[in-house]
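Keep the model open as you read.

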Amino acid sequence: MPVQLRYQSGHTSDEYVTQQAWRSASLSCCPLHSKGRCGFSRHGSYPRVDPPGTRIARWYCPQGHCTFSLLPEHLAARFPGTLAGIEAVVAAVERAPSVEAAADALRADDVTLATALRWVRRRVRLVHDALRAAVSLLPELLLGCAPTVWAVRTHLACELSVLLRLRELAAAHLQGLPRPLGLRAPVHRGGGRTERLQQHLGPDPPRRSR
Ligand SMILES: [Zn+2]
């Protein structure tokens, strides 16, 4: 069972790749067995397709049959790309006359409108679901706030990267929040592995939006 943990790397997306910051990520003890003696050890790293060159540091506890990976803050969880990239798409849709108009403006020339619409709608649905969960988890901060990027930006006086800000504000709740903001493990039938799921989610058009 793979578990993702928040990694406060302090790097931008580009810095994380150029400095290979996953190499300096550290997890001092097993999250399941604080007293050790479970065989907990570094378990290499795995690649993320998007942004290119990104790798994620990973550990393994043989006793708990569990891998732990340190997800840097700027990355979307269990979804391709960065939080800022996804947020920009959803923010554009919220300000567009229609979802169709936003998808048309964002798509590359070789991407059909139908494909772009699916791509955009998926991001809008996931981000709005995550914001809805964040609003209900953080009533002291977000009570009465609509679960949209622009409403939460206004509410938190945060002009950009409100998802990144929420990672910080909701740090104690990330394991209970859904992707791409939170680190909650997906529930899926058949016992499929999350990493395989992540690969299936690889980058799809339109690429111009990042
Ligand atoms: Zn352990």
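Of the 210 residues in the protein chain, 46% are buried. Buried means under 20% relative accessible area, exposed means over 50%, and partly exposed lies in between, with a 1.4 Å probe and protein chains only. This is a predicted model, where local features need pLDDT of at least 70 and side-chain atom pairs count only at pLDDT 80 or more, while totals for chains, interfaces and linings use all residues. Residues are numbered from 1 along each chain as its sequence is written, and side-chain values use heavy atoms, with hydrogens and water left out.

Now the surface. The protein chain exposes about 10900 Å². Carbon and sulfur atoms supply 53% of that area. Such areas come from the Shrake-Rupley method with a 1.4 Å probe; for residues, only the protein chains shown count as cover.

The secondary structure comes to eight helices and four strands. Helices (H or I, at least four residues) and strands (E, at least two) are DSSP runs, numbered from the N terminus. From the N terminus on, the order is β-α-β-β-β-α-α-α-α-α-α-α. Among contacts with a separation of 6 or more, 58% join residues 24 or more positions apart. A contact means heavy atoms within 4.5 Å.

Turn to helix 2, residues 83-95. Which of its residues are buried? They are Leu83, Gly85, Ile86, Glu87, Val89, Val90, Ala91 and Val93. The cover over these buried residues includes helix 3 (99-106), helix 4 (113-137), helix 6 (149-155) and helix 7 (162-169). An α-helix has 3.6 residues a turn, so residues three or four places apart point the same way. The length of helix 2 can be checked too. Its 13 residues should span 18 Å at 1.5 Å a residue, and its end C-alpha atoms are 18 Å apart, so the two agree. The expected span is 1.5 Å times one less than the number of residues.

Next, the loops. Pro51 sits between strand 2 (41-48) and strand 3 (54-61). The peptide bond from Asp50 to Pro51 is cis, with omega near 0 degrees. Another cis bond joins Arg179 and Pro180, with omega about 0 degrees. Pro180 lies in the loop between helix 7 and helix 8 (194-200).

Two non-glycine residues have positive phi. His65 has phi near 50 degrees. Its loop runs between strand 3 and strand 4 (66-72). His65 counts as exposed because its relative accessibility is 58%. Ser161 has phi of about 55 degrees, and lies in the loop between helix 6 and helix 7. At 25% relative accessibility, Ser161 counts as partly exposed.
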